[in-house]
Amino acid sequence: MITINEITIVRDNREIIYDYSEQIPAGSITVIVGPNGSGKSTLLAAIAGDIVPTKGTITIDDAHPPLTSAAHLATLRAMAIQNQVYTLGFTVREVIEMGGAADEIMEQLHLSDIANRQVTTLSGGESQRVAIAQAIAQKAPVLLLDEPLAAQDIDSRRRIIALLKKLADEGSTVVVVAHANENDLSWADKVIKDFL
Amino acid sequence: MKKYFPYISGVILFIFVLIALSVGATQIENFWSALAHPGSNEILWQIRIPRVAAAVLVGAALGIAGLMAQGACNNALAEPAILGTSAGASFGAVLAILLGVVQVGSIGAVICGALGALCATSLTFRLASLRSNLSSFALIIVGIAVSAIITAVVGLASTMVTRADARSISFWNFGSLSLITNNNVAALGSVLLIGAGLAWKVAPTLDLLSLGDATAFHLGVDTRKARMLALVALSILAGGAVSTVGTIAFLGLAAPHIARFIYGPAHRFLIIQSALIGATLLVAADTAARTIAAPNELPIGLVTSLIGAPILIVLVSMRNTIWKTP
């Protein structure tokens, strides 16, 4: 369970999120939608503990991300950022194993064929799937994904959505940021649109 | 065959060490016999062995220091000379020597060099992140500027003071192994042991830092603490090397890159390989520096560049997917 309690986030003198409260239940998929610059990625980053809200609090179960050590936080939530850039030529398998066991998740996300390729040679969509796989491999109860469908083809989108549904059914709290252009959100249990 | 691949660098270093011990301005008669009997030949045991041992230790220290700099900054251009680390080490050592607190090559000079290196590197990081998050561009530009200022101050100080034990501006800028003693070798060995130990501890975290600060944090890394540990290791290694033999160009940049191109990106394995390749490059460069124009010596920094740069260019041309700059 994620509890967002009256948070305000100000960045560069601009109020990005104002006095916003929300409860995100465990075992569900919640999608945050909005146009560019609406603050949806900022909200996700605040839940992940990357950003400290200017006012208000966010808790994951009973833990406050800004007051929790990085190591402990990694056992509570995992996150895949939108534009993952790889600078060193580790293989796909090595990168996913930095999160946890790789074989099953590589199979599910159709990455087994490129397991031994260097991540520096991947396309945008492949890099994004590797980042998603790494976050899922972490096996944290809360999974945060920033625009995971943005650079994916139809088959990959289907695979990712099916996997998120399976994880939610198994009890994970899945929070996904999606662009306002995303038409079909029937796979989401809850959609958050207005949080400014 | 492939399982023996990692040992090849060790074998190559061993061969270069034997060549370095056997050649020089003076020919050593019955070389193998002299080598087998400690103290039997003064030139071999009092001059060449300490010098070649120092080349191995300094080359290894600078190789690992460069790896720590590149890993901590997640930047292919980072190295002790560019981040201000080498200049800071020179400054710390020169200041302490001029104040009469320590002597060149002593443990005291090494400690002052390491402290100077740490202060200068921290200053570079602090200034580079004043107005925004730390960017690679700001880090390199600020590092070059900090390095230039401190190098100028070291140059002024060593030019104005004529004491022989303070060493020359050429020594601090280009490095030299010609004045090495057995005591220096012991101090360098201690520095390498401590610095490499710290580097070994922080290495797996640097693998995660290569994914960027945000992803490393999501995976459980305290990025500030990891970076600080790597910078302390960098400062100890570069500080110890520079305060004893001056600034030796290019090794800190070339050795980790050459190791990475051959052996891949995992930092723990790269610590060993960067050390071996850095040591080999410096032993080869020092041997060339003291034999090409014997009995005169060439500045060693020039020779390390002449040997290391072509190897790096060939490797970059052959295989350039190991490091991708965003």
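Which hand does the crossing of α5(B) and α10(B) have? The crossing is right-handed, meaning that the near helix is turned clockwise from the far one by less than a right angle.

This is a predicted model, in which local features need pLDDT of at least 70, side-chain atom pairs count only at pLDDT 80 or more, and totals for chains, interfaces and linings use all residues. Residues are numbered from 1 along each chain as its sequence is written, and chains are lettered from A and ligands numbered from 1 in the order in which they are written.

**View 1. Helices α5 and α10 of chain B.** Helix α5 (residues 107–128) packs against α10 (residues 223–245) at about 130°, with axes 7 Å apart. Axes are lines fitted to C-alpha atoms, for helices over the stretch in contact, and angles run from 0 to 180 degrees between N-to-C directions. Helices (H or I, at least four residues) and strands (E, at least two) are DSSP runs, numbered from the N terminus.

**View 2. The open sheet of chain A.** Three strands lie in the order β2-β1-β4, with antiparallel pairing; strands pair if DSSP finds at least two bridges between them. β2 (14–24) and β4 (55–60) stand at the edges with a single partner strand each, so one side of each has no neighbour in the sheet. The twist from one strand to the next averages 20°.

**View 3. Strands β1 and β4 of chain A.** Five bridges join β1 (residues 2–11) to β4(A) in the antiparallel sense. Ile4(A) has Ile58(A) in β4(A) as its bridge partner.
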